[in-house]
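Subject: Structure handover

Hello,

My notes on it come after.

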Amino acid sequence: IKHDFENDFSVLYIMTQVEERFSPEDFYLFRLKTLCNMTYKQVAEKTNLKGVRTRILEVKKWLKENITKDEVKDKFYEIYKDLL
C-alpha cells in the first residue's frame, strides 16, 4: 500500500508543480499526454492546438531541470511520517 501511495503522491506532486508554473492550456496538454498516454498527434487532434509537441516538451524540460526524484521522495516522506 505504501508503494501505491508513494506513486500516487509522486504523480500529484508533479502535476501540482506543473499546474502552478504553466498556463492552464499547457498543463492540460501535458496532462493529456502523460496521464491519458496519448501521442502528440492525438493530443493535437483532440485540442485543435498548434505547437503541442513543443509546449509539452517545454514542460518536460522544466521538470527535468527543476524537480528531482529525491525532492519528490523527501516531500512524500514529510507527509507519510505525519500519517504514522
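Predicted model: local features only at pLDDT ≥ 70, side-chain atom pairs only at ≥ 80, totals over all residues.

Residues are numbered from 1 along each chain as its sequence is written, and side-chain values use heavy atoms, with hydrogens and water left out.

Helix α2 covers residues 24–35; helices here are DSSP runs (H or I, at least four residues), numbered from the N terminus. The expected span of a helix is 1.5 Å times one less than its number of residues. The twelve residues of α2 should therefore span 16 Å, and its end C-alpha atoms are 16 Å apart, which agrees. Asp26, Phe27, Leu29, Phe30, Leu32 and Lys33 are the buried residues of α2, where buried means under 20% relative accessible area with a 1.4 Å probe, protein chains only. Their cover includes α1, α3 (40–47) and α4 (52–66). After α2 comes Asn37, with a positive phi near 55°.

The largest nonpolar core has 19 residues. A nonpolar core is a set of buried Ala, Val, Leu, Ile, Met, Phe, Trp, Tyr and Cys residues joined through side-chain atoms within 4.5 Å. Val18, Phe30, Val43, Ile56, Val59, Leu63 and Ile67 have the most contacts inside this core. Two or more residues each come from α1, α2, α4 and α5, and α4 gives the largest share, five residues. Leaving aside residues up to four places away in sequence, Val59 touches Val18, Phe22, Asp26 and Phe30; contact means heavy atoms within 4.5 Å.

Gln17 lies in α1 (residues 2–21). Is Gln17 buried or exposed? Gln17 is buried, because its relative accessible area is 10%. With the sequence neighbours up to four places away not counted, Gln17 touches Trp62 and Ile67.

The largest pocket holds about 220 Å³ of space. A pocket is an open set of points on a 1 Å grid over the protein atoms alone, where a 1.4 Å probe fits, with protein on both sides within 12 Å along at least five of seven lines; lining residues have an atom within 4 Å of a point. The lining of the largest pocket includes Ile14, Phe30, Leu63 and Ile67. By type, its lining residues are five nonpolar, two polar and three charged. α4 gives the most to this lining, with three residues.

Regards

Conventions:
Buried < 20%, exposed > 50% of the residue type's maximum accessible area, 1.4 Å probe, protein only. Points joined across faces, edges and corners; volume = space filled by probe spheres on them. Nonpolar A, V, L, I, M, F, W, Y, C, P; charged D, E, K, R; others polar.
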